[in-house]
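Hi there,

Here is the structure I promised to pass along. Have a look first, and then read on for my notes.

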Amino acid sequence: MVSSQLPPFSAPGETRQQHSEDYITKEDTFIMYTIESDCISCGSCADACPAGAISEGEQHYEIDADKCLSCGTCVDACPTSAIVEK
Ligand code: SF4
Ligand code: SF4
C-alpha cells in the first residue's frame, strides 16, 4: 500500500525533501508477499509475523497488505514455501 502520508522523521536534521526522497525509495523497494495454495494452514507464519498481518482465510492463510512490513520473516517460517513475492 502506498500511503499519502510520510512516516515520522527518523534522522536528526533531516530535511523534508530528503525525508520524502528516502520514503519514496523505500516504497519502490517494498516487497509484497502472498500465500499460495501450497499452504497447509499450520499457522507458523502467523505466529512469526511481528505485525500481526497474517490470519486464516477461507482457503488458506492470508496476508493483510495494509499491515505487512515486508520483513520476510514469514517466508522463513513456512515449511511448505507457500509464501512468495507477489
Ligand atoms: S513479510 Fe513480515 S510483516 Fe509481512 S506478513 Fe510476512 S512476517 Fe508479517
Ligand atoms: S507457515 Fe506456510 S503452510 Fe503454515 S500457515 Fe503459513 S503459509 Fe500456510
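Predicted model: local features only at pLDDT ≥ 70, side-chain atom pairs only at ≥ 80, totals over all residues.

Residues are numbered from 1 along each chain as its sequence is written, and chains are lettered from A and ligands numbered from 1 in the order in which they are written.

Ligand 1 has 14 residues around it, and Cys49, Cys68, Cys71, Thr73 and Cys74 come nearest (around means a C-beta atom, placed from the backbone, within 6 Å). That shell holds 11 nonpolar, 3 polar and no charged residues (Ala, Val, Leu, Ile, Met, Phe, Trp, Tyr, Cys and Pro count as nonpolar, Asp, Glu, Lys and Arg as charged, the others, Gly among them, as polar). Ligand 2 has 16 residues around it, with Cys39, Cys42, Ser44, Cys45 and Cys78 nearest; they divide into 11 nonpolar, 5 polar and no charged.

Cys74 also touches Tyr33, Cys45, Ala48, Cys49, Ile54 and Ile83, leaving aside residues up to four places away in sequence (C-beta atoms, placed from the backbone, within 7 Å).

Most residues other than glycine have a negative phi. Ser41, not a glycine, has a positive phi of about 55 degrees, and so does Ser81. Ser41 is partly exposed, with 13 other C-beta atoms within 10 Å, whereas Ser81 counts as exposed with 10 (20 or more is buried, 12 or fewer exposed, in between partly exposed, with C-beta atoms placed from the backbone).

Best wishes

Definitions and conventions: Contact = placed C-beta atoms within 7 Å.
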